[in-house]
Amino acid sequence: MRRLTVPKIGARKVDGVTHDPIVMLTAYTARQAQLLDPHCDILLVGDSLAQVIYGLPSTIPVTLDMMANHAAAVVRGSYHSVVVVDMPFGAYEASPRAAFEAAARLLKESGAAAVKLEGGEAMAQTVAFLVQRGIPVMGHVGLTPQAVNVLGGYGARGRSDAEAEKIVGDALALEQAGAFAIVVEGVVEPIAVEMTGKLGCPVIGIGASAKCDGQVLVVDDMLGMFERVPRFVKKYEGLADTITAAVKTYASEVRERSFPGPDQLYRPK
Ligand code: KIV
Ligand code: NA
């Protein structure tokens, strides 16, 4: 099976309708990618690796090296899904030229197909600059975690009419600039529905609406690796409990010297 392509993702939406919703999850490691790849259309190497992998308090400290290394691992672990890499905070906001250099580095070092960046109208010129030079861009509007210091937290966006209008306008500006798809995160549902109806490109929701053209979640969140997750996360598994149980058993077997057992031992001839 050949790897999906960015144009094929865009082509899922025909005359404003997506019959086959886009399935997207984050992935950060090769083995994780192997497991998710057959069931997904897009693997996102999210800068959420800040919290998920590195125990950082926000995505602000993430570097290009971190993104490139994890993206390379995810590309090595997948052969079907389109791999999209988040541009880290500080690598693209200053100018279209800075953004191009950062994005080119990410794609060259990882083999990923596209980048994602946060921000609306203010980033439209940058999105156009990248797309015209061969770098597909996925947009990200609504709750944009890299703006946590401006927004003051991770609460849902678009509760006022003015903010709702701004978010839909941001998405339209990104589409006009050439974004092939747009993530809308943490918004009141009518905004996501309006956006999905107005845009020709796929709108991928997270904390948005089931009516979007696709969905994305942070994989460790949906697998139940964390106790506390945002309201919009559905836990499909309880991996934290599974891991805790396994480690507890291992610890007690080590302490009572019942591990290693006969099956794990090498015997002399
Ligand atoms: O970094 C991330 O995981 C993301 C998704 C939640 C959209 O940007
Ligand atoms: Na992100």
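Trainee: What are the ground rules here?
Mentor: In this predicted model, local features need pLDDT of at least 70, side-chain atom pairs count only at pLDDT 80 or more, and totals for chains, interfaces and linings use all residues. Residues are numbered from 1 along each chain as its sequence is written, while chains are lettered from A and ligands numbered from 1 in the order in which they are written.

Trainee: Which residues does the "binding site" annotation with Glu118 cover?
Mentor: The unreviewed UniProt entry lists Asp47, Asp86 and Glu118. Positions use the numbering here, feature names are shortened, and annotations may be inferred rather than shown by experiment.

Trainee: What makes those three a cluster in space?
Mentor: They spread over 72 residues of sequence, yet the largest C-alpha distance is 10.8 Å.

Trainee: Why is Asp47 called buried?
Mentor: Buried means 20 or more other C-beta atoms within 10 Å of its own; exposed means 12 or fewer; partly exposed is in between, with C-beta atoms placed from the backbone. Asp47 has 29 such neighbours, so it counts as buried. Asp47 sits in the loop between strand 4 (42-45) and helix 3 (49-52). Helices (H or I, at least four residues) and strands (E, at least two) are DSSP runs, numbered from the N terminus.

Trainee: And why is Asp86 called buried?
Mentor: Asp86 has 28 other C-beta atoms within 10 Å, so it is buried. Its place is in strand 5 (residues 82-86).

Trainee: Which residues does Asp86 touch?
Mentor: Beyond four places in sequence, Asp86 touches Val45, Gly46, Asp47, Met67 and Lys116. A contact means C-beta atoms, placed from the backbone, within 7 Å.

Trainee: Which residues does the "binding site" annotation with Ser48 cover?
Mentor: That annotation, also from an unreviewed UniProt entry, covers Asp47, Ser48, Asp86 and Lys116. These residues spread over 70 residues of sequence, with a largest C-alpha distance of 12.4 Å.

Trainee: Is Ser48 buried, exposed or partly exposed?
Mentor: Ser48 has 19 other C-beta atoms within 10 Å, so it is partly exposed. Ser48 is in contact with Thr26, Thr59 and Val218, leaving aside neighbours within four places.

Trainee: Why is Glu185 called buried?
Mentor: Glu185 has 23 other C-beta atoms within 10 Å, so it is buried. The unreviewed UniProt entry marks Glu185 as "active site". Glu185 is found in strand 8 (residues 181-185).

Trainee: What makes a set of residues a nonpolar core?
Mentor: The members are buried Ala, Val, Leu, Ile, Met, Phe, Trp, Tyr and Cys residues joined through C-beta atoms within 7 Å. The largest has 74 residues, and Val83, Val84, Ala112 and Ile182 touch the most other members. Helix 8 (residues 161-177) gives the most to this core, with 6 residues.

Trainee: Why is helix 8 called roughly parallel to helix 9?
Mentor: They pack at about 30°, with axes 10 Å apart; helix 9 is residues 189-198. Axes are lines fitted to C-alpha atoms, for helices over the stretch in contact, and angles run from 0 to 180 degrees between N-to-C directions. Under 35 degrees is roughly parallel, over 145 roughly antiparallel, 65 to 115 roughly perpendicular, and the rest oblique. So helix 8 is roughly parallel to helix 9.

Conventions
Two residues are in contact if their C-beta atoms, placed from the backbone, lie within 7 Å.
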